[in-house]
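User: Hi! I'm new to looking at protein models, and I'd like to learn how to read one feature at a time.

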Amino acid sequence: MKPEVIVVTAAYGHDRINALGGQRAVLPIIAAAGADGVEIRRELFNDAELNALSGLGQAIADAQLAASYSVPEALFTAEGELNPHLERHFAEAGQLNAQRLKYSLGNYPRGFDCSQLQAMLAGQKVRLMVENDQTECGKLAALDSYFHDCGEARIGDGMTFDMGNWLWVGDNPLEAAKRLAPFVSYIHVKAARPTQTGWRAVALDDADNLWRETLALLPDDVPRGIEFPLEGEDLVAVTRHYIELLRGE
């Protein structure tokens, strides 16, 4: 069975999304390219879009795409407490008919009572995902602590494994994949190159083989999200090319 492939709207770039008038405008491109789903990014909304999430959710459904929702906040605050906006973000995800809601980890405190989080998730249709980001809180040691500490208390959720972000924090993606694969239920496929000013995400065709090696260590039955630059005159063709590549077609 071929894996589900999701296109992250940010792959088209903030400037192009803005020029097109918002994330809704790229849904026809994503659908025409044959994707299974779309990841909507909260940071790309303007105020009008944020107040019309049900309409966007309907547009996603009309395009026959599954929805994921990414919020640029952490699950744990700097003080080690749960994000106080969790309920609001779950409600927004519900308006989008999203299957998953994604946060970065944040300042997870060792020994946190995971039953508190489990109680908050009880009855939620949207799955809470935690991603490794490009901060110190996104390092392997932090994610490893969170997932292994909480263990069974977190059944029904899982990790968004961003293959490229490990490079930004100085960790080895292959080691991270070996350690965290049992918890991964969504993969952000991303390749990167070093530059004079740091790492830069690049299209898979312009990358070395690290992304393939990392992907091979991760579950092959979870969705794969395109989160590398999608650029070119024919965005449908470019998007379709990488969807087929990630499906192994």
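User: Leaving aside its neighbours within four places in sequence, which residues is T239 in contact with?

Analyst: Some ground rules. This is a predicted model, where local features need pLDDT of at least 70 and side-chain atom pairs count only at pLDDT 80 or more, while totals for chains, interfaces and linings use all residues. Residues are numbered from 1 along each chain as its sequence is written, and side-chain values use heavy atoms, with hydrogens and water left out. Contact means heavy atoms within 4.5 Å. Setting aside neighbours within four places in sequence, T239 touches V7, Y12, I29, A33, I226 and L230.

User: Is T239 buried or exposed?

Analyst: Buried means under 20% relative accessible area, exposed over 50%, and partly exposed in between (1.4 Å probe, protein chains only). T239 has 0% relative accessibility, so it counts as buried.

User: Which helix does T239 lie in?

Analyst: Helices (H or I, at least four residues) and strands (E, at least two) are DSSP runs, numbered from the N terminus. T239 sits in α11, residues 235-247.

User: Which residues of α11 are buried, and what do they pack against?

Analyst: They are L235, T239, Y242, I243, L246 and R247. The arc we look at is that of the directions from the helix axis to the C-beta atoms. Down the axis of α11, the buried residues fall within an arc of 140°, so they line one face of the helix. They pack against β1 (5-8), α1, α2 (27-32), β7 (184-189), α10 and β10 (224-226).

User: Now the holes! What volume does the largest cavity have?

Analyst: On a 1 Å grid over the protein atoms alone, a cavity is a set of points where a 1.4 Å probe fits but cannot get out; lining residues have an atom within 4 Å of a point. Grid points are joined across faces, edges and corners, and a volume is the space filled by probe spheres set on the points. Here there is 1 cavity of 30 Å³ or more, and the largest has about 80 Å³.

User: Which element gives the most to the lining of the largest cavity?

Analyst: That's α10, with 3 residues. The lining includes W211 and K190.

User: What about the largest pocket: what is its volume?

Analyst: A pocket is an open set with protein on both sides within 12 Å along at least five of seven lines. The largest has about 470 Å³. Of its 29 lining residues, R41, E43, Q134, K190 and E227 are the closest to its centre.
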